[in-house]
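These are my notebook entries on a structure I went through by element and by contact.

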Number of protein chains: 2
Amino acid sequence: MLDREQKTHRSNRMNGLDGWDEVRTAYHVALVGTVSGAAEALGVHHATVIRHIDALEARLGSKLFQRHARGYTATEAGNDLLQVAKATDDQFTQLAGRIKGRGEEVTGELIVTSLPSLSASLTASLARYGHANPEVVLRFLTDERVFRLEYGEAHLAIRAGKRPDEPDNVVQKFFEMEHALFAHEDYIARMGALDFDNLGAHRFVVDDNRDSRAPYNAWLRQNVPDSAIAYRASAQLSVIDAIRAGAGIGFLPKRPGSRMPGLVQLSDARPEWAASVWLVTHVDLHRTAKVQSILKHLKEDYDPGAF
Amino acid sequence: MLDREQKTHRSNRMNGLDGWDEVRTAYHVALVGTVSGAAEALGVHHATVIRHIDALEARLGSKLFQRHARGYTATEAGNDLLQVAKATDDQFTQLAGRIKGRGEEVTGELIVTSLPSLSASLTASLARYGHANPEVVLRFLTDERVFRLEYGEAHLAIRAGKRPDEPDNVVQKFFEMEHALFAHEDYIARMGALDFDNLGAHRFVVDDNRDSRAPYNAWLRQNVPDSAIAYRASAQLSVIDAIRAGAGIGFLPKRPGSRMPGLVQLSDARPEWAASVWLVTHVDLHRTAKVQSILKHLKEDYDPGAF
DNA sequence: CTATACTCTTGTAAATACGCACAGAACACG
DNA sequence: CGTGTTCTGTGCGTATTTACAAGAGTATAG
């Protein structure tokens, strides 16, 4: 009963017309001129067409067609509807074509997110992708917070750490980021070489994220006394700056660290210091050609040595 | 089974998208952001909305929304649909407003038809109507053939003769058109006065319609020998011209005939010569304000004396 | 950290719309 | 002038769609 009341309420006060399918039916009737022809074109029965027209006319309170034995001829209102519905049909046809074709074409916006710490190692490869696919507008978002794919915030998230296991996410292994200990040559000259049996004699630079899920942090907590932690930086970039300024010893990705001028590598990359990097996409978007395109590019193009 | 085959056939080869109601549902979902909100706005159940979205996505072969616990967020395809559907909604709202308001307003085209023979007596009153209602574009169509209201050829037909009894037509008596015999004064001077007991001595001018349903034609056939029919004209205008040229005696409407210079009225108007004139409208259009407007005008404004 | 409120999802029964078949009427053709 | 075809209109049985209700998950408030 409440439903009944609500329904009449809507049909009375609704200014726009609901029942777009009925408009479509009336459109075909106005186009063809007969109920039978429209029914055949629509793939439905004549009776359905007649009922749609009757319902639409009742709701609009105005006759759309004049009935006679040869068929239905549109009144002024019917012709008006014909014009509007024709435009709508064209727009919907174009829309369907765009949406159906969108799966195959690689255009539009492509949003990739990662933590800022991964930015340096990804930018080169992403830039090459943007150059190879000028049709796409590449947006690379970096933030400390984790972007949520299920909210449509990005097409592709590049994450580090343990394998993400959120539902509806498609996860692929990207590469293993090896870390090693680095320090500036000025620091070594001043403090001496690194002795793993006397770590407390050195000064360490670490990142100070609330949840230090970096794998080498666990090693740090176990093997380096707190007194040796000389510098805590909230951002990864600050850590690098601190190391390069000679503030102490710190973990850096192996390859780019070894290329930075003035820095010396103090150890090999150990497996327990390595962090896995994952390519994460939402299941709804994973199948699209655009997402597949950048996934294929990254997996082929990315060279850890160039890091 | 054949129906099943036809249905898949259509959904495969149809380039435009059928199911406009589903597009409307998706539009509201994209607008509100949640299935529940869209369902409330549409006045349907949540489940219906979900099924519409699923069906639409299946038909388009592309995801329109990303589902998550907070609701539905539109993908690129969904946003594209949102834009198109918004335009459609606006257009349909305007259309509904136009159609609903059309019944009350007196604008647009107003088509009146009659036989050419009635043109002279109607033009003056019709012109006054057009002057009083500048919003309407008055089209006055005259042809020997009978315009068919059920085909939407005219809003109002003015017909003479016996009362029309076609179904779906609303018939009102307009006026009684009285006919009398006229001749040019030159003819009378040459042939002498009219003697009803010796009609064969005169020359008559008649109209030669295939079905001479004019009431005085029956009188002519009974009382005037064929030999006295000197002139047959297919068009009423030609009959007038012939009488004014002195070709013979003929029937003319009483009032205008008596006003034509050079013409003399040879008899009184007899009831058996009178023709009824009817206002005929289609039942679908009869109730509209526009049709009622001209009906009211004609019945009040028309002055048989001014004929 | 628990509770609450909101969301989507899925299965089942009712309601609605649909297709079918027949009737009625008008037009075209021979 | 009769016949055949094509169109609309309507009652009825079925099938699709819909609403209802229960379930599970997640964000927000206290």
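At what angle do the axes of helix H6 (residues 116-132) of chain A and helix H12 (residues 289-301) of chain A cross? I looked this up in what is a predicted model, and I found that the two axes come within 10 Å and cross at roughly 130°. Because angles over 145 degrees would count as roughly antiparallel and 65 to 115 as roughly perpendicular, that value makes H6(A) oblique to H12(A). I noted the handedness as well: H6(A) passes H12(A) in a right-handed crossing. On the H6(A) side I listed A:Ser125, A:Arg128 and A:Tyr129 as making the contact, and on the H12(A) side A:Ile294, A:His297, A:Leu298 and A:Asp301. Sorted by class, this contact of H6(A) with H12(A) holds 3 nonpolar, 2 polar and 2 charged residues.

Entry on the sheet of chain A. I traced an open sheet of 5 strands in the order S4-S3-S5-S12-S6 of chain A, with mixed pairing. Its edge strands are S4 (136-142) and S6 (169-177) of chain A, each of which pairs on one side only. From one strand to the next, the twist averages 20°. Within this sheet I followed strand S3 (residues 108-114) of chain A, which pairs with strand S5 (residues 156-160) of chain A in the parallel sense over 3 bridges. In that pair I picked out A:Val112, whose bridge partner in S5(A) is A:Leu156. I then came back to H6(A), which packs on the sheet and touches S3, S4, S5 and strand S12 (275-282) of chain A, its direction making about 175° with that of S4(A).

Entry on the sheet of chain B. What is the strand order of the open sheet in chain B? I read S4-S3-S5-S12-S6 for its 5 strands, and the pairing is mixed. Strands S4 (136-142) and S6 (169-177) of chain B stand at the edges with a single partner strand each, so one side of each is left without a neighbour in the sheet. Neighbouring strands are turned by 20° against each other on average, direction ignored. Strands S3 (residues 108-114) and S5 (residues 156-160) of chain B run parallel and are joined by 3 bridges, and here I noted that B:Thr113 has B:Ala157 as its bridge partner in S5(B). Helix H6 (residues 116-132) of chain B packs on this sheet, where it touches S3, S4, S5 and strand S12 (275-282) of chain B, and its direction makes about 175° with that of S4(B).

Entry on the contact between the chains. I found 45 residues from chain A and 45 residues from chain B in it. On the side of chain A, the elements that give two or more residues are helix H1 (2-13), helix H2 (20-32), strand S1 (65-68) and helix H5 (76-102). Which of these gives the most? H5(A) does, with 18 residues. By class, I recorded 13 nonpolar, 19 polar and 13 charged residues on this side of chain A.

I looked separately at H2(A) and helix H2 (residues 20-32) of chain B, which pack at an angle of about 145° with their axes 6 Å apart. H2(A) passes H2(B) in a right-handed crossing. A:Trp20, A:Asp21, A:Val23 and A:Arg24 meet B:Trp20, B:Asp21, B:Val23 and B:Arg24 there, and the class count is 4 nonpolar, no polar and 4 charged residues.

Entry on the hairpin of chain A. S1(A) and S2(A) pair in the antiparallel sense over 4 bridges, and a hairpin joins them through 2 residues. A:His68 stands opposite A:Gly71 in S2(A).

Entry on the DNA. By class, the surface near DNA strand C has 9 nonpolar, 7 polar and 4 charged residues, while the surface near DNA strand D has 8 nonpolar, 7 polar and 4 charged residues.

Methods
Residues numbered from 1 in each chain as written. Chains lettered and ligands numbered in written order. Predicted model: local features only at pLDDT ≥ 70, side-chain atom pairs only at ≥ 80, totals over all residues. Pairing = 2+ DSSP bridges. Axes fitted to C-alpha atoms, helices over the stretch in contact; angles between N-to-C directions. Contact = placed C-beta atoms within 7 Å. Nonpolar A, V, L, I, M, F, W, Y, C, P; charged D, E, K, R; others polar. Parallel < 35°, antiparallel > 145°, perpendicular 65-115°, else oblique. Left-handed = near helix turned anticlockwise from the far one by under 90°.
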